[in-house]
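Me: I would like to learn how to read a structure like this one. Can we go through it feature by feature?

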Amino acid sequence: MIGAVHFECLIHSAYSLKDKRSVLLRLKNKIRKHCNVSIAEMDYHTWNLTALLLLP
């Protein structure tokens, strides 16, 4: 069985694309450390909004 999780994030502390990337990098590393999943950024290529897809 394969499952997927799709969630959207609003990053209030991001005021630039560089800020967003640094927050997402820390978030992805913490999720990978605990869950052993693949993570892809899917939608909303703006500086403070993103959508992530997690796959086992």
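This is a predicted model: local features need pLDDT of at least 70, side-chain atom pairs count only at pLDDT 80 or more; totals for chains, interfaces and linings use all residues.

Me: How do strands make a sheet?

Reply: In general, strands of a sheet pair through backbone hydrogen bonds, and the pairing is either parallel or antiparallel. Here the three strands form an open sheet in the order 1-3-2, with antiparallel pairing.

Me: Why is one side of strand 1 and of strand 2 left without a neighbour in the sheet?

Reply: Strand 1 (5-10) and strand 2 (38-41) stand at the edges and have a single partner strand each, so one side of each has no neighbour in the sheet. From one strand to the next, the twist averages 25°.

Me: Where does the helix sit relative to the sheet?

Reply: Helix 1, residues 17-35, packs on the sheet and touches strand 1, strand 2 and strand 3. The direction of helix 1 makes about 20° with that of strand 3.

Me: How many bridges join each pair of strands?

Reply: Strand 1 and strand 3 pair over six bridges, in the antiparallel sense. Strand 2 is joined to strand 3 (residues 49-55) by four bridges, and these two strands also run antiparallel.

Me: Which residues of strand 3 stand opposite valine 5, alanine 40 and glutamate 41?

Reply: Valine 5 stands opposite leucine 54. The bridge partner of alanine 40 is leucine 53, and glutamate 41 stands opposite leucine 52.

Me: What share of the contacts joins residues 24 or more positions apart?

Reply: Among contacts with a separation of 6 or more, such residues account for 56%.

Me: How many charged side chains are there, and how far apart are the centres of the two sets?

Reply: The chain has 8 positive and 4 negative side chains. The centres of the two sets lie 11 Å apart.

Notes. Residues are numbered from 1 along each chain as its sequence is written. Side-chain values use heavy atoms; hydrogens and water are left out. Two strands pair if DSSP finds at least two bridges between them. Axes are lines fitted to C-alpha atoms, for helices over the stretch in contact, and angles run from 0 to 180 degrees between N-to-C directions. Contact means heavy atoms within 4.5 Å. Lys and Arg count as positive and Asp and Glu as negative; His and the chain ends are not counted. The place of a charge is taken as NZ of Lys, CZ of Arg, CG of Asp or CD of Glu.
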